[in-house]
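Reader: I am new to this structure. Please show me how to read a few of its features.

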Amino acid sequence: MGSHGLQSILPATATLVLILTGCSQDDIRTYSAPKEAPAAGAPAGEPMPATEATATETVRWELPKGWAERPGEGMRFATLLLEPESNPPLELRVTPLALAARDPLANINRWREQIGLGPIGPADLDRVARSVDIAGRTVHLVDMTGVAHANQPVRRILAAILPGDQQVWFFLVMDEPERIGQYAAAFEAFMRTVRVEHAVVASELPLGHPPLEAGGAGPATDPGSMAGASAPGDNPLHWTTPSGWVESQATNPSRLASMSVVDGAYRAEVTITRFPGAVGGMLANVNRWRGQIGLQPVADLAQQPIEGIEIDGVSAQLLEIHAAGAAQRLLIVLIPREDFTYFVKMTGDEALVAKQHNTFVQFARGIHFDHGAS
Amino acid sequence: MNTPSRSARLLRTLPWLALALALLYAGAALLPARDGRFALSQFARLPIVDLGRPKPLDTFARSTLLIVSNKQSFYLAETDGTAERSEAKGHAERSALEWLLDVMARPEVARGYRIVRIDHPDIKAVLGADPERKYFSLDEIVLRRAEIEAQIQRANEVPAGDRNSYQRAILELAQHLSVYFHAESVAELLLVPPTAAGTEWTTITAERHQVDEHGGDSPATDAYLQVMQGWRDDDPAVFASAVAQYQQWLGTAQPRLMRKIDMEVRFNHAAIFLRAIGLYVIVFLLAALSWLRMTPALVKSALWVLCVALVLHTLGLVARTVIQGRPPVTNLYSSAIFVGWGAAVLGLVLERFYRNGIGAVTAAGTGFLTLLVAHNLSLDGDTMTMMQAVLDTNFWLATHVVVITLGYASTFLAGFLGILYILRGVFTRGLGAQEQTSLTRMIYGIVCFATLFSFVGTILGGIWADQSWGRFWGWDPKENGALLIVLWNALVLHARWGGMIRQRGLAVMAVAGNIVTSWSWFGTNMLGVGLHAYGFIDSAIFWMFTFVGTQLGLIGLGLLPLHRWRSMQATSQVRAPRSVKQPTAPPLAPPAPESPR
Amino acid sequence: MSGSPIRALIKPLASLRLTVALLACSIFLIFAGTWAQIDMGIWTTLGTYFRAFFVWIPFRIFLPRHWDVPGGIPFPGGWVIGGLLMINLVTAHAVRFRYNRKRAGILLIHFGLILLLVGELVTGLKAHESRMSIDEGQTVDFAEDTRSVELVIIDPSDPARDWVVAIPESRLHQGKLIHDTRLPFDVQVEAYFHNAELFEGAQDVATSAATPVANSGFAVELGAHARPRPPSSGVDQDEIDLPAAYVSVLKDGRNLGTYLAALYFTLVPRFGLQDVQVGDKTYRMALRYVRHYKPYSISLLDFKHDRYLGTETPRNFSSHIRLVDPTHNENREVLIYMNNPLRYRGETFYQASFKQGDGGTVLQVVRNPGWLLPYVACTVGALGMMLQFGTHLLRFIRRTRTA
């Protein structure tokens with residue numbers, strides 16, 4: 001090696017430097033390509049880039065009486081006509097936007113601009129919008145009346161921002177204040193029937209180094225609800241939900257129904273569950289239930305009245321568990337059937353449950369089973 | 001030579017005594033479980049598919065309770081049927097399997113058990129509970145369900161990196177509850193094994209439908225109905241007969257699986273790694289004691305008990321490999337087990353060569369610490385998880401992952417030796433010239449080993465990446481971490497060869513290697529979790545920082561001027577404060593207090 | 001003798017101290033780069049830290065973001081440190097080294113390292129990655145580079161093939177007039193957003209001064225407008241940049257219309273290309289991922305996504321494809337799955353990802369002329385290590401045996 005080696009190093013280094021520092025301005029390319037079919041019919045499923053998972057999410061709703069629905073065009077998902085007969089029509093536009101700003105404020109300010117109002121900050125958000133819970137999602141309902149500006153008359157906006165899992169859904173109707181005013185309540189009632197549905201979400205495989213630990217490809221179960229991973233199985237019984245009781249999604253197969261009652265600050269829960277076979281002795285159950293609301297167990301059932309009640313031709317049992325000074329009260333109906341015993345149970349704040357006694361009994365009496373179901 | 005005194009004779013029996021006790025302790029792991037009234041050990045062996053893997057109900061019960069409650073057992077009150085998670089008066093300890101039976105067969109009862117762990121005070125406030133309490137019953141939580149579900153929804157809307165501690169805590173609770181409800185839904189668990197070729201595991205509900213439509217038998221459904229009945233009615237006979245009958249059927253339908261399940265149940269029961277921790281502690285004490293009172297007996301005892309510990313450790317590793325059907329390292333937990341094993345083996349090898357207790361101490365120390373880390377990692381639930389598609393290749397798991405984990409193990413071992421060097425040198429008179437030389441040689445040798453293995457392991461990782469997605473080096477955090485270890489070890493070696501560091505310097509740099517390795521092994525997993533919001537409170541991050549802090553402290557100690565080291569003062573090696581660059585003359589001081597062998 | 005003054009100059013470059021210093025620098029650079037990629041994503045970090053000459057390392061990357069610590073330090077980048085390490089290595093061999101059997105191990109190791117560094121250099125300069133997204137039943141003959149876009153103007157007049165003129169992203173600057181003889185008309189870039197959101201605006205929306213008004217194409221048909229958004233961080237895999245551009249078509253000095261071209265339109269096949277009317281000719285225009293057409297085509301026959309029972313954890317992905325190449329007389333079926341790519345004509349096709357609902361596959365296409373170098377480097381390096389440390393170990397064992 002020695003000096004020869006040295007002398008050959010220098011030019012090599014120089015070339016290297018030149019390669020590294022040289023850069024070329026990107027040039028316009030031209031080429032011929034096979035014919036591309038124009039974007040006519042969309043193929044089954046819209047292929048989004050693999051790094052994104054959107055666009056097979058959809059919404060459904062219950063169309064109120066008197067409203068008409070038109071399929072959407074372009075970026076609009078659907079158009080609902082609130083007054084199908086009248087002219088000009090009163091349109092409710094439903095538009096999804098992938099990757100739209102999740103912050104409702106940006107959209108609200110954009111709408112304000114359209115009706116001639118200035119933008120607002122986060123502190124004033126509560127003045128124009130309120131959040132309601134619809135099927136577990138926080139939906140912002142917006143009601144704003146603008147001012148006359150730039151040759152535009154005064155207009156009022158009713159809007160709802162519904163966050164899906166992959167897109168944000170916008171429901172918007174904008175027109176004269178009086179016309180809109182008639183539909184404010186109907187709009188909210190309509191929004192409460194809207195549900196988001198979507199297919200399985202795909203995930204991108206990590207292109208980085210395989211981790212030593214098998215980190216999951218994403219949460220297998222959605223941590224977003226207290227629900228179990230699977231939908232309830234066969235549902236052999238039917239009931240009528242009393243007014244004021246709100247149904248929520250059943251959480252797991254042994255729980256067939258789930259409703260909540262709210263009255264001001266008081267709340268109560270109603271559940272229907274079933275267990276295979278006969279259950280343990282009544283005393284043990286009663287003591288368990290007493291324990292659930294913080295009461296001491298009893299030695300025998302003398303103090304616990306048990307009423308007979310007939311439900312769908314079966315003799316069932318009704319108990320009310322309460323005590324002076326206890327914060328909560330329980331109402332329970334046990335319905336023994338062939339393979340299962342059904343529990344209809346209301347748990348909640350003392351005053352509310354007491355008030356709901358008759359409603360509960362009526363509800364239980366109205367339960368009926370599918371024929372052939374156990 | 002005078003006749004050995006009584007005490008000398010006693011000391012000679014010490015190694016045998018220690019060996020016998022260690023063997024007894026380890027052997028106890030192999031004892032089968034004993035049943036109470038109910039045939040629980042048989043029920044434990046019933047199979048279920050969970051998280052993609054067929055496993056015994058025992059594992060399912062343990063991991064579910066572990067996730068919900070952070071412990072594999074609970075305490076049941078004898079009188080009123082309530083239960084607590086931690087020890088309480090009038091409560092007897094019960095196994096996770098019994099908890100699972102209550103959850104499945106008597107969910108209303110189980111929901112009253114106060115075993116769901118909640119730490120965040122704001123969540124406790126939502127439940128209206130005393131902030132001192134740590135464990136809650138599902139009933140209490142369900143009572144506030146609407147509010148909690150709203151909170152979960154709100155937390156879910158925040159992108160993962162920006163969540164504050166409350167949001168992360170509530171989402172963690174949601175996940176735990178989801179696991180709980182999953183266990184409750186007996187009819188939807190994958191309990192029914194495939195009956196014919198081409199069929200898959202299925203649920204009781206599905207089996208019922210199948211039988212309704214097509215007739216035939218439903219052995220699983222019948223068995224479980226009976227089992228639940230027996231448990232609810234407190235009837236051990238019904239319980240036992242149902243389990244026995246079903247087991248018999250399983251024995252003919254799925255013989256291979258049942259053998260593996262049997263092994264797994266025994267493995268669960270043996271708690272091998274916990275016992276190994278205990279033995280490592282004993283070894284550590286024995287070896288450390290041998291430095292205070294140098295008797296060959298103590299060193300020998302340490303060595304023998306170390307062998308037993310290592311055999312137990314190996315047994316555990318092998319069992320896991322057989323049960324999973326995969327090479328030993330598949331996730332973070334198993335990497336911790338393997339690092340401990342590798343370091344212990346290397347320590348044992350050192351001990352065989354040097355026989356001065358140092359190898360034993362390092363083997364025991366690293367074994368103990370890594371198994372402790374592993375234990376904490378196991379609290380996430382089932383440690384035998386399925387490998388994701390791209391990782392699903394036994395060849396690369398057996399080569400790249402194993403080699404690089406050995407690289408971690410050896411770097412940690414070198415670091416531990418460095419710590420020994422510093423502590424002995426600064427605080428005791430035990431670091432004489434001979435000790436210095438031998439320790440230095442040990443560290444140097446292990447660093448060479450570490451360089452080789454981490455380099456080869458990193459390269460193998462690159463080749464795997466190239467085979468998988470065409471990119472040999474992606475510069476991603478895990479890869480970078482591995483590269484850092486190679487670079488650091490190379491740096492240490494080059495610094496030594498260039499005369500820039502001598503013995504003390506080598507020890508200090510070896511300790512710094514601990515920091516680099518812990519970064520590569522754990523730190524890269526925590527990136528992005530803590531820095532966006534308020535995540536420093538996360539316990540894993542906390543422990544990592546604590547560990548790094550201790551290592552920095554030790555480095556600081558090591559960098560103290562040599563004349564402040566007790567060992568150096570004792571042997572008057574250093575005349576005045578001088579830089580270490582000038583090597584001192586060979587010492588004429590008395591040799592270090594161990595007898596050469 | 002002739003090399004003596006050069007030797008004196010080169011000697012410090014060959015020193016072990018420099019090696020140690022450079023190794024320490026590389027450790028710090030890699031450490032900093034790993035922290036930086038939390039915010040920047042790996043690809044940006046690659047370009048800023050590792051495939052760069054110098055880099056500014058801000059302090060804030062090491063600390064909680066909400067502390068917002070200012071300041072940083074300049075630091076040599078990957079090219080400089082790697083280059084210096086190479087020089088150090090080579091000069092050390094030229095100046096200091098003794099070439100005998102004992103040193104064989106170290107020689108091999110260093111040679112392997114040189115090959116590794118060269119390999120990374122070649123990869124950095126020459127490797128090219130793209131991807132092919134194919135639906136089941138679809139045939140595709142191009143790969144897309146999802147890291148850059150181009151504005152394409154297509155002349156469909158020839159019944160056999162389309163003639164495509166592609167303007168690269170680097171030329172799409174606001175206010176720029178693109179004139180080229182290859183283009184059928186001039187393109188005036190009114191606005192270009194690296195990342196934009198599209199929204200449907202009412203016809204009578206008062207436009208802000210910043211956003212141009214489009215009067216043709218999709219902007220009018222769909223009522224779509226674009227607003228700029230901050231670039232996505234590249235770390236969150238759900239967020240990618242969706243560029244959009246407002247361009248005016250100019251011919252003979254006349255403005256024939258302003259169009260909104262957005263990547264979003266090409267990602268949703270409902271929209272695709274938009275028509276541009278110039279006189280009596282209709283062209284098609286779109287802003288889409290850069291395409292590289294291949295002389296062969298790949299059809300996806302079947303895509304399988306196996307999951308572990310009861311979970312969503314993927315167990316295996318596989319794409320059963322048919323490769324048709326008339327120029328090489330190829331027509332065969334291939335199964336591509338994890339850890340088992342297809343190598344064809346200098347490119348390698350890996351199973352990378354898949355489309356929603358398991359209805360299609362995404363293959364990663366990699367061309368890397370330097371792919372062999374790391375393999376050679378590793379073999380050489382590993383041999384060297386085993387030689388070096390093996391002899392050390394043997395010596396050590398012999399020594400302790402005799403002690």
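Reader: How do helix 1 and helix 14 of chain B pack, and at what angle?

Author: This is a predicted model. Helix 1 (residues 6-27) of chain B packs against helix 14 (residues 272-292) of chain B at about 165°, and their axes are 10 Å apart. Angles over 145 degrees count as roughly antiparallel. The two helices are therefore roughly antiparallel to each other. Their crossing is right-handed.

Reader: Which residues make the contact?

Author: Helix 1 of chain B brings B:Ala18, B:Ala22, B:Tyr25 and B:Ala26. Helix 14 of chain B brings B:Arg275, B:Gly278, B:Leu279 and B:Leu286. By class, six of these residues are nonpolar, one is polar and one is charged.

Reader: What does the secondary structure of chain B come to?

Author: Chain B has 23 helices and seven strands. Of its 597 residues, 53% are buried. Take the contacts in chain B between residues at least 6 apart in sequence: 68% of them join residues at least 24 apart.

Reader: Is A:Asp312 buried or partly exposed?

Author: A:Asp312 counts as partly exposed because it has 14 C-beta neighbours inside 10 Å. C:Asn329 has 6 such neighbours, so it counts as exposed.

Methods
Residues are numbered from 1 along each chain as its sequence is written. Chains are lettered from A and ligands numbered from 1 in the order in which they are written. This is a predicted model: local features need pLDDT of at least 70, side-chain atom pairs count only at pLDDT 80 or more; totals for chains, interfaces and linings use all residues. Axes are lines fitted to C-alpha atoms, for helices over the stretch in contact, and angles run from 0 to 180 degrees between N-to-C directions. Helices (H or I, at least four residues) and strands (E, at least two) are DSSP runs, numbered from the N terminus. Angles under 35 degrees count as roughly parallel, over 145 as roughly antiparallel, 65 to 115 as roughly perpendicular and the rest as oblique. A crossing is left-handed if the near helix is turned anticlockwise from the far one by less than a right angle, and right-handed if clockwise. Two residues are in contact if their C-beta atoms, placed from the backbone, lie within 7 Å. Ala, Val, Leu, Ile, Met, Phe, Trp, Tyr, Cys and Pro count as nonpolar, Asp, Glu, Lys and Arg as charged, and the others, Gly among them, as polar. A residue is buried if 20 or more other C-beta atoms lie within 10 Å of its own, exposed if 12 or fewer, and partly exposed in between; C-beta atoms are placed from the backbone.
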